[in-house]
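Me: I would like to learn how to read the contacts between two chains, and then the setting of a single residue. Could you take me through a case step by step?

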Amino acid sequence: MDSAEQEAFEATIAADSTIEPRDWMPEEYRRTLIRQIAQHAHSEIIGMQPEGNWIGRAPTLARKAILLAKVQDEAGHGLYLYAAAETLGVSRDDLERRLLDGRQKYSSIFNYPTLTWADVGAIGWLVDGAAIVNQVPLCRCSYGPYARAMIRICKEESFHQRQGFDILYTLTRGTDEQRAMAQDAVDRWWYPSLAMFGPPDAISTHTERSMAWRIKRFSNDHLRQKFVDMIVPQAEVLGVRLPDPALRFNAKTGHWEFTPPDYDELFAVISGRGPANRQRLTHRRTAYEEGAWVREAAVAYAAKAAARAASQSSGTAGPPRAPAVPDEVA
Amino acid sequence: MSWPLWEVFVRPGRGLAHTHVGSLHAPDAEMALRHARDLYTRRGEGVSIWVVPAAAITASSPDEKDPFFAPAADKIYRHPTFYPVPEGVEQL
């Protein structure tokens, strides 16, 4: 390791500037980022499944169109993030394989099933709400491509959270049955959403170093508190009860006190023992395998078209092909 | 089997230059354009897109950043502020 390079890296971090793809960086910084960005990308891709489950059964055409757009956004977020990860020298194919064979993880939250339409609302309001609290600080992460991807993602996530709130708001103003359905969804998604912020600071393995490198700006517990403080007043407007009897406002600290999620459950779900882990990965593997012919056909077509173009421009048959961007570059 | 990597540039509006927005994989230029539209302009972010094979880009090396850009640093006479302007001269 060259100490001048190390110094330049540390000075950039200290100046709150960004590290860019071809800059020198410590191997551990690179590895940490690859793991975090890949896990984040995988979460977006797997996260399409619980909501995709309801596209065909959305209650109205408008709700269906909105949900389709949201799930399409999740695919887009996954792709922005894979692109950011690739700037660190890994290939998307490799990352995808690591997801499929279980070497890389995705967020534990997507291993819970979506049992009713209200779950789609609860996911938007709570899960995307938690994701936003987690992700906004990442827009100022020290790695440039990741930070830039996060800026795009956060802009789009706010639509997601509002559409979830809107679904629940409509339900809680509906029939008794619809209100009960909304409450049931909130009951089931509340603690898994709290667990999305990860283990408590005292036992979080990566927090300290990631904060020193400015990959992470705030600790898990800090963000979890921020989320609770944000959600409680919204729950009142919705007219749903958060399933925590210990929830109370502490006037001294200005924060809501709450029961932490069951971290044993979190670790069990992360290690593969959640309600839907097997289903999620099986579905992803099947989609990957059944889509293989499309990827292969596209490559074959591109090769054929390139060969045809080459034979045309080398012969005398017709003018050369126009450049792809004729007058824009000039 | 992996598709080649393309860098994507979007012109956000008339009168503005294309700006790099990210990258994607596609089998050929036409598909790269279509993917770029779906991936980077879902909310009217652009009026024009360029896709460029990532392999076709030649970049300056960050290791040589200092010597490479140094020649600009000692030519302060390229900046208008280098020249003293006598009092009373306006619009110069």
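Reply: Let us begin with a definition: a salt bridge is a side-chain nitrogen of Lys or Arg within 4 Å of a carboxyl oxygen of Asp or Glu. This model is predicted, and in it A:Glu156 forms a salt bridge with B:Arg43, where the closest N and O atoms are 3.3 Å apart.

Me: How many salt bridges are there between chain B and chain A?

Reply: The count between these two chains is five salt bridges, and across the same interface ten residue pairs are found in polar contact, both residues being at pLDDT 80 or more.

Me: Which elements give two or more residues to the side of chain B that touches chain A?

Reply: They are strand S1 (5-11), strand S2 (19-25), helix H1 (29-40) and strand S3 (48-53) of chain B, and of these S2(B) gives the most, with three residues. By class, this side of chain B has ten nonpolar, seven polar and five charged residues.

Me: What is the area buried between chain B and chain A?

Reply: It is about 2,000 Å², of which carbon and sulfur atoms give 53%, and 22 residues of chain B are in contact with 23 residues of chain A.

Note on methods:
Residues are numbered from 1 along each chain as its sequence is written. Chains are lettered from A and ligands numbered from 1 in the order in which they are written. This is a predicted model: local features need pLDDT of at least 70, side-chain atom pairs count only at pLDDT 80 or more; totals for chains, interfaces and linings use all residues. Side-chain values use heavy atoms; hydrogens and water are left out. Contact means heavy atoms within 4.5 Å. Buried area is the accessible area (1.4 Å probe) that two parts lose on being put together, summed over both. A polar contact is a pair of N or O atoms within 3.5 Å; within protein, one must be able to donate a hydrogen and the other to accept it, and residues adjacent in sequence count only if both atoms are side-chain atoms. Helices (H or I, at least four residues) and strands (E, at least two) are DSSP runs, numbered from the N terminus. Ala, Val, Leu, Ile, Met, Phe, Trp, Tyr, Cys and Pro count as nonpolar, Asp, Glu, Lys and Arg as charged, and the others, Gly among them, as polar.
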